[in-house]
Structures are given as structure tokens and as C-alpha cells.
Amino acid sequence: AAAAAGAPPPLPIPATCTRDKGLAALIVKPSLVGGLAPCRRVWAEAHRRGAACVLSSAFESGVALCHIAVLAEAMAPAAGDAPHFHGLNTYEALATDLVEPRFEACVHGAHVSLEDA
């Protein structure tokens, strides 16, 4: 089916790809798909299919990683659902950062706390 005028194109995921057919998660890199609106579309589509939406970084600085961490918190699963672990550890490959303290100072095990930032 064609998208309505002005509507975003459909996601390039086969309609038969669902949780009961083995789909566990849709992985999205917010900086590469165009920001919040496309991420919300992927998140909604993942939930419609019974899957998680996992955010992954693409070697951004701590500025973008903080934004992705906030987005991940906003997309947190409902109480009782399995937690989602997002891929934000690309900061480890960066020699320097644009923010002080460095993003890595906000990472505590598998959790990010922006209260220290």
C-alpha cells in the first residue's frame, strides 16, 4: 500500500516479521535515522509487533549520547516487562569528549545516571 501524501514511507520490515516468528527487537541508531520522530515510529512498530526497540549509538560525543540516554529512558518498557539494554558504549572508543564530566562518568554498570552530569 502506498503512503498517504505527506505521510512517512512504511518501514522496510516485512509484515510477517513478528515476535511469534522470532523477532526480538528492532535496533535503531537515532542519529542516523533523523532523530526523535523516526525513532518513535520504530518504537511504535516494535511494540505493535511484540518486540523491543533498542537504541544504539554511532560513535557520537557525550552530547548526543546524553540525548540518546534520555530517549531510552522515555521509551522504557512498562513495569513488569523485560528491561531493554541499549548500545551506548561507543564512548569507550573516543579519546576525548565534548562534555565535562565525560559521558563515561555517568555510566554505572549497565545504567546511565545523568544526575551527575
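Reader: Hi! As I understand it, exposed means over 50% relative accessible area, buried means under 20%, and partly exposed is in between. With that in hand, which residues of helix 2 are buried?

Author: Hi! One note before the answer: this is a predicted model. The buried residues of helix 2 are Cys 39, Val 42, Glu 45 and Ala 46. Looking down the axis of helix 2, these buried residues fall within an arc of 130°, so they line one face of the helix.

Reader: Nice. And which residues are exposed on the other side of helix 2?

Author: Leu 36, Ala 37, Arg 40 and Arg 48 are exposed there.

Reader: What do the buried residues of helix 2 pack against?

Author: They pack against strand 1 (25-28), helix 1, strand 2 and helix 3.

Reader: How many residues does helix 2 have, and what does it reach from its first C-alpha to its last?

Author: Helix 2 has 13 residues and reaches 18 Å between those two atoms, close to the 18 Å expected at 1.5 Å a residue. Just after helix 2, Gly 50 takes a positive phi of about 80°.

Reader: Let me zoom out. What pattern does the protein chain follow along the sequence?

Author: The pattern is β-α-α-β-α-β-β, and the secondary structure comes to three helices and four strands. Of the 117 residues, 28% count as buried.

Reader: How much of the contacts with a separation of 6 or more comes from residues 24 or more positions apart?

Author: Those residues account for 62% of such contacts.

Reader: On to the inside. Which residues in the largest nonpolar core touch the most other members?

Author: In that core of 19 residues, Val 28, Cys 53 and Leu 55 touch the most other members. Strand 1, helix 2, strand 2 and helix 3 are the elements that give two or more residues to this core. Helix 3 gives the most, with six residues. As a general background, nonpolar side chains tend to be buried together in soluble globular proteins.

Reader: What does Val 28 touch?

Author: Leaving aside residues up to four places away in sequence, Val 28 touches Val 33, Cys 39, Val 42, Cys 53, Val 54, Leu 55 and Ser 56. Cys 39 and Val 42 are among the buried residues of helix 2.

Reader: Back to helix 3, then. Which of its residues are buried?

Author: Gly 62, Leu 65, Cys 66, Ile 68, Ala 69, Leu 71 and Ala 72. They pack against helix 1 (30-33), helix 2 (36-48), strand 2 (52-55) and strand 4 (111-112).

Reader: Now the loops. Is Ser 57 buried or exposed?

Author: Ser 57, in the loop between strand 2 and helix 3, has 3% relative accessibility, which is under 20%, so Ser 57 counts as buried. Its side chain makes a polar contact with the side chain of Thr 90 (2.6 Å).

Reader: What else does Ser 57 touch?

Author: Not counting residues up to four places away in sequence, its partners include Lys 29, Leu 65, Ile 68 and Gly 87.

Reader: Where does Gly 87 lie?

Author: Gly 87 is in the loop between helix 3 and strand 3 (107-108), and at 26% relative accessibility Gly 87 counts as partly exposed. Beyond four places in sequence, Gly 87 touches Leu 55, Ser 56 and Ser 57.

Reader: Is Phe 59 buried or exposed?

Author: Phe 59 is exposed, with a relative accessible area of 55%, and is found in the loop between strand 2 and helix 3. The C-alpha atoms of Phe 59 and Ala 93 are separated by 7.8 Å, and the two are 34 residues apart along the chain. Ala 93 is exposed as well, with a relative accessible area of 56%.

Definitions and conventions:
Residues numbered from 1 in each chain as written. Predicted model: local features only at pLDDT ≥ 70, side-chain atom pairs only at ≥ 80, totals over all residues. Heavy atoms only, no water. Buried < 20%, exposed > 50% of the residue type's maximum accessible area, 1.4 Å probe, protein only. Contact = heavy atoms within 4.5 Å. Polar contact = N/O pair within 3.5 Å; in protein donor to acceptor, adjacent residues only side chain to side chain. Expected span 1.5 Å × (residues − 1). Arc of directions from axis to C-beta. Core = buried A, V, L, I, M, F, W, Y, C linked by side-chain atoms within 4.5 Å.
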